[in-house]
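Here are my notes on the model you sent. Please read them with the coordinates open.

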Amino acid sequence: VIRCDLEIAREPRCSLFAQVPRYPLAYEPVSWLQRLLDDPLASYNSPQQYMAAKMILNTARDVVVILPTGTGKSLLAMLSAASRPERTTVIVSPLISLKGDIVRRVGRLGLSVHDALEGFTGQSILVLTPELAISNPGEALLRRLAYKDSLNRIFIDEVHLAVTDGHFRPIFSGLPKLGAHGVPLILMTAT
C-alpha cells in the first residue's frame, strides 16, 4: 500500500509499506496519459497523481489513493483500463450521479464501457454500484472474469463512504469481499 501525504508544499512524501512486485511490463505513466488523452503535451495535475498512476500501472498490489476532489482519481482507472485493454477494469461507484459521470467520461475517451451486469460482453471498463458488485450475479461475473484471467483491477471510488455511511448503507460492509478475486484493489477517496 502506498500513501502520499498532500500536506507537503512542493514534494509529496510517499511511504511504501510493502515490497512491490512489478507486472512483467513496466508502464511509463506520462506516455500512457498522453496516449489516452491523445495529447502529446498532456501531464498530470500533481506529483501525487503521477505517483498514484505509477504505482497503479506498475504494481500488482493494492493501492490507497487520497487526492482532493477534482484532481483526477477517476482518470487513474481509465489509465489502468487503457494499459490492459484485454482485461476488464471494474469501477465501483457508490453515487449514481458519479457513476453516470464516469460512464460519460470513459465514453468520450473512446474506451468501451458498460454500467450494468446485463448485456456485459467484456468491455474494458465495467462501472457498478456496490449493490451490484457484491450481489450474487456480480460476484459470479467477477469470479468468472478472474478465473479466465480477464480481470484487471477493481477500483472503489469514494471508499470513505464505507466507513462514514456504513450504518446508512449496510451493503458497504461487503466491499472487502471484492479483494477475494486475486487482483489489485485500488481504494480512492478525497478524505
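The points below go from confidence to fold, then to individual elements.

1. **Basis.** This is a predicted model, in which local features need pLDDT of at least 70 and side-chain atom pairs count only at pLDDT 80 or more, while totals for chains, interfaces and linings use all residues. Residues are numbered from 1 along each chain as its sequence is written, and side-chain values use heavy atoms, with hydrogens and water left out.

2. **Confidence.** The average pLDDT (the predictor's confidence in each residue, from 0 to 100) is 82 for the protein, and 84% of the residues score at least 70. Residues 1-25 fall below 50, yet this stretch has 54 contacts in the model beyond near neighbours in sequence. A contact means heavy atoms within 4.5 Å. Where pLDDT is low, the predicted coordinates should not be read in detail.

3. **Overall make-up.** The protein has seven helices and eight strands. These are DSSP runs, numbered from the N terminus: helices are H or I with at least four residues, strands E with at least two. Of the 191 residues, 48% are buried. Buried means under 20% relative accessible area, exposed over 50%, and partly exposed in between, with a 1.4 Å probe and protein chains only. Take contacts between residues at least 6 apart in sequence: 70% of them join residues at least 24 apart.

4. **The sheet.** Six strands form an open sheet, ordered β3-β8-β7-β4-β6-β5, with parallel pairing. Two strands pair if DSSP finds at least two bridges between them. β3 (63-66) and β5 (113-114) stand at the edges with a single partner strand each, so one side of each has no neighbour in the sheet.

5. **Strand β7.** Where does β7 sit? Six of the six residues of β7 (residues 151-156) are buried, so the strand is largely enclosed by the rest of the structure. Four bridges join β7 to β4 (residues 88-92), in parallel. In that pairing, V90 stands opposite I154 in β7. Three bridges join β7 to β8 (residues 185-189), also running parallel. Here F155 stands opposite I186 in β8, and I156 stands opposite L187 in β8.

6. **Helices on the sheet.** α2 packs on the sheet and touches β3, β7 and β8; its direction makes about 160° with that of β3. Angles run from 0 to 180 degrees between N-to-C directions, and axes are lines fitted to C-alpha atoms, for helices over the stretch in contact. Helix α6 (residues 136-147) lies across β4, β6 (125-128) and β7, at about 140° to β7.

7. **Helix α2.** This helix (residues 47-58) has twelve residues and reaches 16 Å from first C-alpha to last, close to the 16 Å expected at 1.5 Å a residue. The expected span is 1.5 Å times one less than the number of residues. Its buried residues include Q48, Q49, M55 and N58.

8. **The α2 and α3 pair.** α2 and α3 (residues 73-83) pack at about 35°, with their axes 10 Å apart. In contact are Q49, A52, A53, I56 and L57 from α2 and L75, L76, L79, S80 and S83 from α3.

9. **I171.** This residue lies in the loop between α7 (161-164) and β8. Is I171 buried or partly exposed? At 29% relative accessibility, I171 counts as partly exposed. Leaving aside neighbours within four places in sequence, I171 contacts P130, E131 and I134. The C-alpha atoms of I171 and E131 are separated by 6.4 Å, although the two residues are 40 apart along the chain.
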